[in-house]
Amino acid sequence: MAKPWAHSAFTRVLETRARKRPRKVAFPEADDARVVEAAVHLARRAAVRPVLVGRWGGAERSLDERRAFDQVELIATSSDSLDGALALLSEGVVDGVVAGAVRTSAEVIRAGLKRVGLRAGVRLLSSCFFMEVHDFRGNGPEVLTFTDAGVVPDPGAGALAEIAREAVRVRRLVVGDEPRVAFLSYSTLGSARGRSVERVCEALDRFRKHCPDVPSGGELQADAALVPSVARVKAPADAVGGNANVLVFPCLDAANIAYKLVQRLAGARALGPVLQGLRAPLNDLSRGASAEDIAHMGAITALMAGEAG
């Protein structure tokens, strides 16, 4: 018997919200037992209408969920299963795709750009992580967005602003709350100088021109962005100081290091990388992902598809 999954408040909410309008999500690595287990779980919970694409050779027989497995659609393909799943996505047969349990992130991203392409007005593909953290502001556990922690190495000001806009869009779809965006730096409101600080300030200006109704602030050090008592001292007039829930990092190095430190040292749950900017939802997995991780990403992908209708 498999060990029960350690659902959190956030992952339960993901499934509950996805269940209101289940979407078809394709999983092209159908010969992997973790993928099959995740698909069965989502079918049993009626959170997603899973579609297994590719070859499957008895992985389902290792599960004691035969009835639920019968609710999983199976599409065999003799060609590349990732390419086949993305063709279904491009044609509107499925609403989203989750891949990367076996394939590398580079393979998933390249295939997505080729087969799905970017949304109108979007210049680059980026990513975010949803970080479920313990109570640190006296409001209970929270979900923070870290962006971009997985794709764009050294974004310029325009790219940073676009990454922030995409993170806002995805957070609204997945978390369902109002984003409060902080552009992070080693400086808080002019406390230090440098090219990186100038770039972050320019990115904030560009973001505000495109999203004037979204609360945003910067440049802010991480403590000023997240901790109300620090913000009252360092940034008392900032629009989001101490209350940010979307953290825009100045570069991939900073974002990737930060999410892994928060995950490992603070015991946060990291969900991602969630891909931003594509015409239709395609999300990546770590090749070390568990069946539970894959199921969570399936629910996230289904919620991202909600924008279409």
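Where does Ser185 lie?

Reply: Ser185 is placed in the loop between strand S7 (181-184) and helix H7 (195-210); helices (H or I, at least four residues) and strands (E, at least two) are DSSP runs, numbered from the N terminus. The model is predicted, so local features need pLDDT of at least 70 and side-chain atom pairs count only at pLDDT 80 or more, whereas totals for chains, interfaces and linings use all residues. Residues are numbered from 1 along each chain as its sequence is written, and side-chain values use heavy atoms, with hydrogens and water left out.

Ser185 counts as buried because its relative accessibility is 13%; buried means under 20% relative accessible area, exposed over 50%, and partly exposed in between, with a 1.4 Å probe and protein chains only. Setting aside residues up to four places away in sequence, Ser185 touches Val197, Glu219, Leu220 and Gln221, where contact means heavy atoms within 4.5 Å. Within the local stretch, the side chain of Ser185 reaches the backbone nitrogen of Ser187 at 3.1 Å.

Thr145 belongs to strand S6 (residues 142-147) and counts as buried because its relative accessibility is 0%. The side chain of Thr145 makes a polar contact of 3.0 Å with the side chain of Arg171. Such a contact is a pair of N or O atoms within 3.5 Å; within protein, one must be able to donate a hydrogen and the other to accept it, and residues adjacent in sequence count only if both atoms are side-chain atoms. Beyond neighbours within four places in sequence, the contacts of Thr145 include Cys128, Phe129, Phe130 and Ala167, and Asn245, Val246 and Leu247 are also among them.

Both sites belong to a protein with 11 helices and 11 strands. Buried residues account for 55% of its 309 residues. Among contacts between residues at least 6 apart in sequence, 72% join residues at least 24 apart. Along the principal axes, the C-alpha atoms fill a box of roughly 60 × 40 × 30 Å.
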